[in-house]
Amino acid sequence: MADEIFENPRLASIYDPFDSDRSDLDVYESMVNEFDAHTVLDIGCGTGTFACRLAVKGIKVIGLDPAEASLNVAKTKQGADRVRWIHGNALDLPHLKVDLVTMTANVAQVFLTDKEWSETLLAIRDTLHQSGRLVFETRRPESQAWLEWNKEKTYQRLIVPHCGIVNGWADVTEVRDSLVSFRWTYVFERDGTVITSDSTLRFRSLQEIIKTLNDAGLSVEDVREAPDRQGREYVFIARLNEK
Ligand SMILES: C[S@@+](CC[C@H](N)C(=O)[O-])C[C@H]1O[C@@H](n2cnc3c(N)ncnc32)[C@H](O)[C@@H]1O
């Protein structure tokens, strides 16, 4: 079950307005071209912004997410009718082979346990063509991004079509080892409704990620910078180990 922020229809409908700058996706779109990928599986596709962007360009895309409310938002977007949407997680994938698997917007951090992460990587490995690649980003633990997850730094008050004015902000609720928990609070001014959503993300080190990829039969081809988040995140490019 995904977090309330992705599962609750009212929150899923405001995800895009509250995260309107999607220049973070440019690096992934450029890699689709760089690697000449014709088929892409976007794991944790959420409201489908990336999947639809690719679909309108003629790329064959599969968008997978366990949050049905987010998928319902995705299905309203231009290009959505050309995307194959799958409701579930990577373990629910049917047999398919793709050129590229993506996990944008730090989806890799939602896998909290070693088991969940390794099972997901194994499922990804099984969907890749021999020459295929997995690309994903994850925040560097040493940058301690969560220090900025407070009301002062995250507060937004937006006019959202069909919703009216919505206030939203984040607060960290716990930092325990590599797990950071935080709460989003949204206030819908039109009817005074307050909805909160609790999330936890895991911050894995560079070495930990390389090891877990290797254990899943994937090797790191490159670790790049996210151009819009220099020094704060890693962008991993992994391939199947040579047979
Ligand atoms: C921060 S959002 C990113 C959404 C999208 N990739 C984007 O760029 O906007 C994280 C997404 O991961 C999804 N998610 C949560 N648990 C998951 C799992 N076990 N497998 C795949 N996706 C998952 C959530 O439902 C949510 O849509």
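In the hairpin of β7 and β8, which residue takes a positive phi?

A: Asp 177 does, with a phi near 55°. The model is predicted, so local features need pLDDT of at least 70 and side-chain atom pairs count only at pLDDT 80 or more, while totals for chains, interfaces and linings use all residues. Residues are numbered from 1 along each chain as its sequence is written.

Start with the hairpin itself. Two residues lie between its strands. Strand β7 covers residues 164-176 and strand β8 covers 179-188. They run antiparallel and are joined by 10 bridges. Strands here are DSSP runs (E, at least two residues), as are helices (H or I, at least four), numbered from the N terminus. Two strands pair if DSSP finds at least two bridges between them. Val 166 stands opposite Phe 188 in β8.

Now follow β8 onward. It pairs with strand β9 (residues 193-202), antiparallel, over 10 bridges. Tyr 186 has Ile 195 of β9 as its bridge partner. The hairpin of β8 and β9 has four residues between the strands. There, Gly 192 takes a positive phi near 75°.

Next, the wider setting. Domain 2 spans 143-202, while domain 1 is made of 4-140 + 204-240. These bounds come from an automatic or database domain assignment. The domain centres, taken over C-alpha atoms, are separated by 23 Å. Each domain brings 18 residues to the contact. Contact means that the C-beta atoms of two residues, placed from the backbone, lie within 7 Å. On the domain 1 side, α1 (4-7) and α2 (9-18) each supply at least two residues. α2 gives the most, with six residues. That side divides into eight nonpolar, four polar and six charged residues. In this count, Ala, Val, Leu, Ile, Met, Phe, Trp, Tyr, Cys and Pro are nonpolar, Asp, Glu, Lys and Arg are charged, and the others, Gly among them, are polar.

Last, the other sheet to look at. Seven strands form an open, mixed sheet in the order β3-β2-β1-β4-β5-β11-β10. β3 (83-87) and β10 (218-225) stand at the edges with a single partner strand each, so one side of each has no neighbour in the sheet. The twist averages 20° from one strand to the next. Within this sheet, β4 (residues 98-103) and β5 (residues 128-139) pair in the parallel sense over five bridges. Thr 102 has Val 135 in β5 as its bridge partner.

Technical notes:
Axes are lines fitted to C-alpha atoms, for helices over the stretch in contact, and angles run from 0 to 180 degrees between N-to-C directions.
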